[in-house]
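The stops below can be selected in order.

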Amino acid sequence: MMEEVVSPENYGKALRAVIANDGAPGIDGMRTAELEGHLLKHWPKIQAKLRAGTYVPSPVRRKEIRKENGGGMRKLGIPTVLDRFIQQMLLQAMTPIWEPRFSTHSYGFRPGRKAADAVRAAQRYAETGKDWIVDLDITKFFDHVNWDILMGKIGLVIRDKRVLRLIGRYLRAGAMVEGVVVKSVEGTPQGGPLSPLLANIYLDALDRELERRGHAFSRYADDCNIYVGSQAAAERVMASIQGWIETHLQLQVNATKSGVGRVWERKFLGFRLNRGRQIEAAPESLEVREKWRSCQSLTSNQLRDAWRQFMRGWWGYYRLAENRRPIYRLEPWIRRHIRKCFWLRWHKPEGRERRLRGLGLRGRMLKVAQSSRGAWHLAGTGGLSRILCKRFSAANWLIVCPRRSVRARISYRSVRADSLAPFFLPKNPPDLIGSHLIRLHAWR
């Protein structure tokens, strides 16, 4: 199998994938733009080591990021660009072998499958009357994967000892923390291309057990929901499957985050089903307050670009929602926060008056610059609202989608000032990303 891993076809495909994905450098500081030149010089030696089974990966660079729900920090392990390339080659060679073996109820990190498919599967279960959820949350799954169990599962399918040895070395490579290599005894670091496939291999046993028991379930990576018809059944399944996971996978179920409930009480991948079995964004997913803080160490242009990127990605994911009323209600709230953000960034009354004059405000309306009222109150006043909304059409583009109620007022070439907002979300959207735009001026 190693010959397939290092084949020229696999080499070219992996190189294109790593360059396209970009990403931060590892401990050696090399960036993806330098990878092709590095391989032109050193690939024969690297290939020979891989064929001989003597290649030794570098430790990953440890990075911690805050979890979206505020539940602590998530540890990432960022491999070097060269190791990402080799992992990508392994992934491309292993995926055709493992993909047919995986369950149809598994949706995470698989070709042709996405989170939206997992949520729609959950909706289908609920529509058949299985509207009680067993919501399983595994405690720090990627940090506690048992190497012996994982390698045993891989070894049953892949017989090439060079490939098995290389995967084992990636697991044992350790992490560089403040200049010191810290070895680990379990887990598969998040951050490399191979990690999601290893996670699916490890959790495939859970899928098979749930199928054997005849359960309706949907799993995306380590997020797994089981759908049953009553509270008693949900509690019984929770107790049973929790014991199975702890015994056979040697993982712990997070008792605080796991639980049973109706489909409108529990969220799955940022969504939930309402009482009408419609998909909607979970309330926790609508908390975007941090994006509009004025005290971020960014220039106005950087703030604008960050907002634009966030809006594009957020809507690209949550456009699956069928009930969009909660999202519509965010529109005026976010517009007001943007006005508040720039008001605070203008600092003193003199600077605010100068900015307002530059935006075209005249006469008595300029008195707002001297106001001692709070920024949130002023952001909701008519004068400030009108003048800033007009400037939304003055310069740099920010992607939006028009809501149905204002679609008649919006054309592809122009947007009226009274219909501007950071985003409008259509009820039944075509692919509008990149079609309907408004402009957000970068006030300096």
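**Cysteines**

Start with cysteine 341, which counts as buried because its relative accessibility is 0%. This is a predicted model, and the accessibility here is computed from its atoms. Next select cysteine 224, which has 3% relative accessibility and therefore also counts as buried. How many disulfides does a search of the whole structure find? The search finds zero.

**Whole protein**

Zoom out and colour by secondary structure: the protein has 15 helices and 12 strands. Of its 444 residues, 51% are buried.

In soluble globular proteins, nonpolar side chains tend to be buried together. The largest nonpolar core here has 66 residues, and Leu50, Phe85, Ile86 and Ile226 are the ones that touch the most other members. Helix H4 contributes the most to this core, with 10 residues.

Select leucine 50 and show what lies around it, ignoring neighbours within four places in sequence. Its contacts are then Met2, Val6, Trp43, Tyr55, Ile86, Met89, Arg162 and Leu166. Now move to a second, separate core of 46 residues, whose members include Val119, Ala122, Ile338 and Phe342.

**Helices H4 and H8**

Two packed helices are described by the angle between their axes and the distance between the axes. Select residues 81–98 for H4 and residues 195–212 for H8: the two pack at an angle of about 35°, and their axes are 10 Å apart. The crossing of H4 past H8 is left-handed.

Which residues make the contact? On the H4 side they are Gln87, Leu91, Met94, Thr95 and Trp98. On the H8 side they are Ser195, Leu197 and Ile201. By type, the residues of this contact are five nonpolar, three polar and no charged.

**Valine 163**

Go to helix H7, residues 161–172, and pick out valine 163 within it. Is valine 163 buried or exposed? Valine 163 counts as buried, because its relative accessibility is 0%. Leaving out residues up to four places away in sequence, valine 163 touches Met1, Met2, Leu90 and Ile158. Draw a C-alpha to C-alpha distance from valine 163 to leucine 90: they are 8.2 Å apart in space and 73 residues apart in sequence.

**Two loop residues with positive phi**

Most residues other than glycine have a negative phi, and most peptide bonds are trans. Select alanine 221, in the loop between strand E6 (216–220) and strand E7 (223–228). Its phi is positive, near 55°. Alanine 221 counts as buried because its relative accessibility is 6%.

Then take leucine 269, in the loop between strand E8 (259–262) and strand E9 (271–273). Phi of leucine 269 is also positive, with a value near 60°. With a relative accessible area of 15%, below the 20% limit for buried, leucine 269 is therefore buried.

**Arginine 354**

Last, select helix H13, residues 349–358, and find arginine 354 in it. Arginine 354 has a relative accessible area of 55% and so is exposed, the cut-off for that class being over 50%.

Terms used: Residues numbered from 1 in each chain as written. Predicted model: local features only at pLDDT ≥ 70, side-chain atom pairs only at ≥ 80, totals over all residues. Heavy atoms only, no water. Axes fitted to C-alpha atoms, helices over the stretch in contact; angles between N-to-C directions. Helix = DSSP H or I, 4+ residues; strand = E, 2+ residues; numbered from the N terminus. Left-handed = near helix turned anticlockwise from the far one by under 90°. Contact = heavy atoms within 4.5 Å. Nonpolar A, V, L, I, M, F, W, Y, C, P; charged D, E, K, R; others polar. Disulfide = S-S within 2.5 Å. Buried < 20%, exposed > 50% of the residue type's maximum accessible area, 1.4 Å probe, protein only. Core = buried A, V, L, I, M, F, W, Y, C linked by side-chain atoms within 4.5 Å.
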